[in-house]
Amino acid sequence: MSPKELLYIEDALGHAQYLTTQCQTAAGQLSDPTLRSQVEQLASSNQALFNRFYNLV
């Protein structure tokens with residue numbers, strides 16, 4: 001893998017991790033169970049994306 005490709009993966013990992021954290025924080029602050037569930041699913045999706053990118057390395 002080229003250095004440029006590794007930089008792209010590193011950047012993607014950072015974004016996926018940031019979005020996961022943001023969703024988890026937001027879910028913890030929501031009182032509506034339906035909305036909280038949807039945001040938790042977004043967090044889970046972003047974590048799965050992070051894992052896929054991480055496995056490329």
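This is a predicted model: local features need pLDDT of at least 70, side-chain atom pairs count only at pLDDT 80 or more; totals for chains, interfaces and linings use all residues.
Local features require pLDDT of at least 70 and side-chain atom pairs pLDDT 80 or more, while totals for chains, interfaces and linings use all residues. Residues are numbered from 1 along each chain as its sequence is written, and side-chain values use heavy atoms, with hydrogens and water left out.

Threonine 20 lies in helix H1 (residues 3-29). Helices are DSSP runs of H or I with at least four residues, numbered from the N terminus. The relative accessible area of threonine 20 is 4%, so the residue is buried (under 20%; exposed is over 50% and partly exposed in between; 1.4 Å probe, protein chains only). Beyond neighbours within four places in sequence, threonine 20 contacts Ala43, Asn46 and Gln47 (heavy atoms within 4.5 Å). Threonine 20 and glutamine 41 are 21 residues apart in sequence, and their C-alpha atoms are 9.9 Å apart.

Asparagine 46 belongs to helix H2 (residues 33-56). Its relative accessibility is 13%, so asparagine 46 is also buried. With residues up to four places away set aside, asparagine 46 touches Ala16, Leu19, Thr20 and Cys23.

The whole structure holds one aromatic pair (Phe, Tyr or Trp rings, the six-membered ring for Trp, with centres within 6.5 Å). The rings of phenylalanine 50 and tyrosine 54 have centres 6.1 Å apart and planes at 15 degrees, so they are stacked (under 30 degrees; over 60 is edge-to-face and the rest tilted). Both residues are in helix H2, and because they are four residues apart, about one helical turn separates them. Phenylalanine 50 is buried at 18% relative accessible area. Tyrosine 54 is exposed at 53%.

Methods. Helices (H or I, at least four residues) and strands (E, at least two) are DSSP runs, numbered from the N terminus.
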